[in-house]
Amino acid sequence: TLEASRYKLPREKEWLAGNCRVQVFKDDGTFIRQFPVRGPGLEADSDLARLAVDGRGNVYVTRHEAGLVQQYGPDGAWVRDISVPDAHAIAVRRMAGQEQILVVPRPLQRGKPVVECKQVVVFDSDGRPGDPIPLARPVTDCQDLATDAAGRLYMQAALNVVFIFDAQGGLGTVLGGGTRRNRGDGSELLRTVAVDSRGHLLSMTPGNPGKVVKFSPDLKTVS
């Protein structure tokens, strides 16, 4: 899990300092270890966004404001910084026997509309860049990214939908009605997306608290 570098309590105006760290747990929730997420030349309050873990146990943390992906080894030691402007959503996928680290930037301009993202940034576990994946349909405000065994890309983005692209960036399905009416029936998908080993797609509904919504592998059943 990734603990924020800063947070704000309900009805509070001031940001409070967070722990800025990664915590590692077993499948049953047993705590294993934790390590700070900082790195050379970066302050603790540099904005943390998302994390991913590759097959070798390396941890990748996106830092949106710094425009970086930070790589940490399985032991939590800092390995390298990888420059990715506006780095936000991140996932790991295996294609042709090789792991790829995928990053979707989330360009935000204060006082202006959110800028479209037209491609996915690709690099390998040694930090070497690969060919970016062009998206058949640009997305805006991508909050989260997931992949499945076939290499498909799942992006939770505006407006409260999940875009499903094939491995090459071709658009397949768009889940969600594209509305903002605080519906809890699975027609509005917020903040996160994941795909489990059986092919179920999971996201969140609006509400306080929100609920986890699960789609069947054929996307025909919602629970």
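In this predicted model, strand E15 (residues 153–157) is largely enclosed by the rest of the structure, because five of its five residues are buried. Buried here means under 20% relative accessible area. The side chains of E15 divide between two directions: Leu-153, Met-155 and Ala-157 point one way, while Tyr-154 and Gln-156 point the other way, and all are buried.

Strand E14 (residues 144–147) runs antiparallel to E15, and four bridges join the two. Within this pairing, Tyr-154 of E15 has Ala-146 standing opposite. Five residues lie between the strands in the hairpin of E14 and E15, where Gly-151 takes a positive phi near 85 degrees.

E15 is also joined to strand E16 (residues 161–165), again in an antiparallel arrangement, by five bridges. The hairpin formed by E15 and E16 has three residues between the strands, and Asn-160 in the turn shows a positive phi of about 60 degrees.

Four aromatic pairs are found when the whole structure is searched. One of these consists of Phe-35 and Tyr-72, whose rings are tilted, with 40 degrees between the planes and 5.4 Å from centre to centre. Phe-35 belongs to strand E5 (residues 31–36) and Tyr-72 to strand E8 (residues 68–72), so this pair ties together parts that are 37 residues apart in sequence. Both Phe-35 and Tyr-72 are buried.

Definitions and conventions:
Residues are numbered from 1 along each chain as its sequence is written. This is a predicted model: local features need pLDDT of at least 70, side-chain atom pairs count only at pLDDT 80 or more; totals for chains, interfaces and linings use all residues. Side-chain values use heavy atoms; hydrogens and water are left out. Rings of Phe, Tyr and Trp (its six-membered ring) pair if their centres lie within 6.5 Å; planes under 30 degrees apart count as stacked, over 60 as edge-to-face and the rest as tilted. Buried means under 20% relative accessible area, exposed over 50%, partly exposed in between (1.4 Å probe, protein chains only). Two strands pair if DSSP finds at least two bridges between them.
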